[in-house]
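Welcome, and thank you for taking a look.

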Amino acid sequence: MADGWEGSYVPGSPSDEGSSHPERTHIEPLYDSFICPLTKQVMRDPVTLENGHTFERAAIEKWFKECKESGRKPVCPLTLKELRSTDLNPSIALRNTIEEWHARNGAAQLDIAGRSLSLGSSENDVLQALRHIENMCQKSRSSKHDVRNAELIPMIVNMLKSSSRRVRCKALETLHVVAEDDADNKAAMAEGDTIRTIVKFLSHEHSQEREEAVSLLYELSESESLCEKIGQVNGAILILVGMTSSKSENILAIEKAEKTLENLEKCEKNVLQMAENGRLQPLLTLLLEGSPETKLTMASYLGELVLSADVKVFVARMVGPSLIDVMRSGSMQAREAALKALNQISSCEPSAMVLIEAGILPPLVKDLLTVGVNQLPMRLKEISATVLANVVSSGCDFESIPIGPNNQTLVSEDIVHNLLHLISNTGPNIECKLLQVLVGLTASPASVLNIVSAIKSSGATISLIQFIEASQRDLRVASIKLLHHLSPHMGQELADALRGTAGQLGSLIKVISENEGIMEEQASAVGLLANLPERDSGLTHRLMEEGVFVLVISKVLRMRQGESRSSRFVTPYLEGLAGILARLTFVLADDPKAVALAQEHNLAALFTDLLQSNGLDKVQTLSAMALENLSQESKRLTKVPDMPETGFCCSIFPCFSRKPVSTGLCQVHRGICSLKESFCLLEGRAVGKLVACLDHTNVKVAEAALAALCTLLDDEVNVEQGVNVLCEAEGIRPIFDVLLENRTEILRQRAIWAAERILRKEDIAFEISGDQKMATALVDAFRHGDYRTRQIAERALKHVDKIPNFSGIFQKMG
């Protein structure tokens, strides 16, 4: 093959750059008459002077211009004799001859190039052939036709398989030149798997190959007929989208990739692919500006896409208003597509807020509540309900957003009544979505009371509770979540309904008993039961009969032992379990079975352990409340010896002596105590743990802990020994600190009550009498407290000699 190139010009070859031998640039012999005397190159537009000498038009025109500019008369550049005229006569015959020579020579060289374009040829031969073809096509548009007619395009494409990176890069570059501004060449190039091969180069590690490939692909994409074919190559659009967002790619390659994608947008199928791969703008533009059919297609596809949260916000801002307009006045098919798209983009809080601002609520509610000939089919009502559920979960203030002609809002009584009516008269799917709407509304403190009022006035409590037994899990979960949200505000109604029916309560217990991890359904179920009135003894007895407390104890123990799997619902689940368990302590005084259950499972020890649930404020509060209730029963459950000696406890267990043990007599309860049997706080180090809670940042925890500690100081126990126990637990100063801090009125009242009893001990009263801050706190309570608080503060002030003992300010009125 190499022999065919002997004596010929190899474009780009260093040895030929600047050659002064034009005859070497051609295969067919070159005639001297073809050469311009000035340029030494083959002429393309030969012209003749009056003296018969021929030159390249551009060259002789330049010569005459230089003569004029230098002030000389025009002369012939060969003879240097002055010319009478500078007229130029076209040498048409010579030009035609040269063109024919070029054609014969070009065909011969293309033939040689074709014989060199083989995977068996040397790298140098192939590169020379490619350079020659490239140069020919750059110099003459007709050469591109010659390349195609010589069937060289498939040969160049075949060079993309070469093992030489240089050959592959040059082949891509040559194809680009051959295809440029030539639709026929582009069509020929797109035959077979050529486009797929070019796309593969977009993923190559070598940057030059990627750059050449994307430039070629851009050139091909200029042909609208090829755009669909490029998009059909698996991964082509994804790779191009990736290139446009790359931070490491060459900026020119990024620009070419961007322009290629812009060309590919001419095909709707490509636009859908781009949207699927994160390039949504073309789809959104067509949705806004396309034909009705195109808009419908784009909206339908948008409803099927999976979008990230930030993209949903972007889409909601751009096309949300347009989709809402379609909901109001579009055809049924268009409304369905719009609803599906809105369902997709409304499922995160920021995008839902955007849609609310765009006015989505009125048409949504209208679609749901309209009945008769104009009503939506049930499948579309289900989508409307889903969108509404998405929007409502945004937590917006729905009391301030009008949705009807009479300034009705989503939480207006008649609207809620209509929603409740729909819930009772539709299928499970739409019932589930409408329950989720109510879940969203009741999650907001601003609107929950409106919903509670509407439910009570409609008498819908029983029908809502019935969904607890639903076989569809989503429907059951939505029902339990709703009842959980309602339970703090209508707990007694829910307790009465659950107590009166076995099925719903049993279903609720079944949900709690599941051992498949801690899910939202279980957390809501235990939260619901925990929020029901704790002093409803009838419900507590039912729960005992159903074995709920034993079940809850086992769940709590497993969680404390670390057996439960991690879940975002662990905290509310444990809070609910603690709340259910705590309600058992409210019926101890009237129910021996409850006492026996608490003793059997060592409930006091369990709550003492839960008291240390750092970071779980509600669990700690409930545990302290439960310990208060249990401690109240200690004086009744303590076993008093038959013949106790006077002062026996005090003589054996004086203040600051060693700590009491369960085998002796309790210094506070004057009998034999234990944490398990009599729930005595002195056992199990419960007192110290309660004292540790007094400075808790959550005042609810501190209030409950102080209330529990106060059971060691009430009139039915040995108050002096109770004070001694607090001394040993280093609890005196924290109680006084609570009084000084004055964080809440409840804390102040309880702290003053405890302080008065502590100050009955003379040595403590003497020490405190010199504490001006304590004196000020007591005086403040004496001046500003209620009647009972002022009485207690007066007694405390007497203990520290701030008020004479003969004071009669609070004489009993007859």
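## A glutamate and its surroundings

Leaving aside neighbours within four places in sequence, glutamate 209 is in contact with Arg165, Arg168, Cys169, Leu172, Phe201 and His204. Please keep in mind that the model is a predicted one. Glutamate 209 belongs to helix H9, and it counts as buried because its relative accessibility is 2%, where buried means under 20%.

Another glutamate gives a contrast to look at. Glutamate 224 is found in helix H10, which covers residues 224-232. Is glutamate 224 buried or exposed? Its relative accessibility is 55%, so glutamate 224 counts as exposed. The C-alpha atoms of glutamate 224 and lysine 266 are separated by 7.1 Å, although these residues are 42 residues apart along the chain.

Next, find helix H11, residues 236-244, where Ala236, Ile237, Leu240, Val241 and Met243 are buried. Why can these residues be said to line one face of the helix? Seen down the axis of H11, the buried residues fall within an arc of 160 degrees, so they line one face. Their packing partners are helix H8 (194-201), helix H9 (207-221), H10, helix H12 (251-264) and helix H13 (268-276).

Helix H20 runs over residues 378-392. At 1.5 Å a residue, its 15 residues should span 21 Å, and the end C-alpha atoms are 20 Å apart, which agrees. How many of the residues of H20 are buried? The count is 12 of 15, so H20 is mostly covered, given that buried means under 20% relative accessible area. Among the buried residues are Leu380, Lys381, Ile383 and Ser384, as well as Val391 and Val392. The cover over the buried residues of H20 includes helix H17 (332-345), helix H18 (349-357), helix H19 (361-369) and helix H22 (428-442).

Now for the aromatic side chains. A search of the whole structure finds two aromatic pairs, and the table sets them out.

| Aromatic pair | Distance between ring centres | Angle between planes | Arrangement |
|---|---|---|---|
| Tyrosine 31 and phenylalanine 34 | 5.4 Å | 70 degrees | edge-to-face |
| Phenylalanine 34 and tryptophan 101 | 5.7 Å | 70 degrees | edge-to-face |

Which parts of the chain does the pair of phenylalanine 34 and tryptophan 101 tie together? Phenylalanine 34 lies in the segment before strand E1 (46-48) and tryptophan 101 in helix H2 (residues 92-116), so the pair ties together parts that are 67 residues apart in sequence. Ring pairs link Tyr31, Phe34 and Trp101 into a cluster. Phenylalanine 34 counts as buried at 3% relative accessibility, and tryptophan 101 counts as buried at 0%.

Arginine 72 lies over the face of tryptophan 63, 6.0 Å from the ring centre. Arginine 790 lies over the face of phenylalanine 782, 5.9 Å from the ring centre.

## A sheet of three strands

Turn now to the strands. What is the order of the strands in the open sheet of three? The order is E2-E1-E3, and the pairing is antiparallel. Strand E2 (54-56) and strand E3 (89-90) stand at the edges, each with a single partner strand, so one side of each is left without a neighbour in the sheet. E1 and E3 pair in the antiparallel sense over two bridges. Threonine 48 has asparagine 89 in E3 as its bridge partner.

Most residues other than glycine have a negative phi. With that in mind, two loop residues are worth a visit.

Leucine 80 has a phi near 60 degrees, a positive value in a residue other than glycine. Leucine 80 sits in the loop between helix H1 (57-69) and E3. At 58% relative accessibility, leucine 80 counts as exposed.

Phenylalanine 679 has a positive phi of about 60 degrees, although it is not a glycine. Where does phenylalanine 679 lie? Its place is in the loop between strand E5 (671-672) and helix H37 (686-692). Phenylalanine 679 counts as buried, because its relative accessibility is 1%.

Conventions
Residues are numbered from 1 along each chain as its sequence is written. This is a predicted model: local features need pLDDT of at least 70, side-chain atom pairs count only at pLDDT 80 or more; totals for chains, interfaces and linings use all residues. Side-chain values use heavy atoms; hydrogens and water are left out. Helices (H or I, at least four residues) and strands (E, at least two) are DSSP runs, numbered from the N terminus. Buried means under 20% relative accessible area, exposed over 50%, partly exposed in between (1.4 Å probe, protein chains only). The expected span of a helix is 1.5 Å times one less than its number of residues. Contact means heavy atoms within 4.5 Å. The arc is that of the directions from the helix axis to the C-beta atoms. Rings of Phe, Tyr and Trp (its six-membered ring) pair if their centres lie within 6.5 Å; planes under 30 degrees apart count as stacked, over 60 as edge-to-face and the rest as tilted. A charge sits over a ring if NZ of Lys or CZ of Arg is within 6 Å of the ring centre and within 35 degrees of the ring normal. Two strands pair if DSSP finds at least two bridges between them.
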